[in-house]
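Okay, thanks for making time, everyone. Let me put the structure up and then walk you through a few spots in it.

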Amino acid sequence: MKTIWIDICHPPQAVFYIPIVRALKQRGYTILVTVQENRESFELLNNAGVPFVPAGRKFGRNKILKTWGLLRRSIQLLQIVKSKKIWIAVSQGSPYQIVVCSLSPMATFGIFNIRHTTI
């Protein structure tokens, strides 16, 4: 069975991925959802019946703490996924997932929001 790993960092991402998780499960995929600590994300996923693994928390605006948080959560995620046979990792540009995928042979697919301004 192919396992797809989805990493969620913010509540809007939880809303975005709920129907995707449901559709992938209906097609027979195993889905692993990891979520950065956020009460709203947890509530959205719980209310939708989407199982998830909490991993990491926010570290504020301080750049040193943010760097520490990036390393810490990346290590936590690596520990969570190392025993799983992940087919592909999917996120909306999760820096944590990018770090984990760069340290392992798993493929990654990022969905990025591109903003541009008209002058």
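Predicted model: local features only at pLDDT ≥ 70, side-chain atom pairs only at ≥ 80, totals over all residues.

Residues are numbered from 1 along each chain as its sequence is written, and side-chain values use heavy atoms, with hydrogens and water left out.

Let's start with salt bridges, meaning a side-chain nitrogen of Lys or Arg within 4 Å of a carboxyl oxygen of Asp or Glu. By that rule we get 2 salt bridges. One pairs Arg-39 with Glu-43, with the closest N and O atoms 3.1 Å apart. Both sit in helix α2, 4 residues apart, about one turn of the helix; helices here are DSSP runs of H or I, at least four residues, strands are runs of E, at least two, and both are numbered from the N terminus. Arg-39 counts as exposed because its relative accessibility is 63%, while Glu-43, at 39%, is partly exposed.

Then there's Arg-73 with Asp-7, where the closest N and O atoms are 2.6 Å apart. That pair links distant parts of the chain, with Arg-73 in helix α3 and Asp-7 in strand β1, 66 residues apart. So are these two buried or exposed? Arg-73 is buried, at 1%, and Asp-7 is buried too, at 0%.

Who else is around there? Ser-94, in the loop between β4 and α4, is buried at 2%. Leaving out residues up to four places away in sequence, Ser-94 touches Asp-7, Cys-9 and Arg-73, where contact means heavy atoms within 4.5 Å.

Now the nonpolar cores: sets of buried Ala, Val, Leu, Ile, Met, Phe, Trp, Tyr and Cys residues joined through side-chain atoms within 4.5 Å. The largest has 16 residues, and Ile-6, Ile-8 and Val-33 are among those with the most contacts inside it. Helix α1 gives the most to this core, 5 residues. Apart from it lies another core of 13 residues, including Trp-5 and Cys-9.

Methods: Buried < 20%, exposed > 50% of the residue type's maximum accessible area, 1.4 Å probe, protein only.
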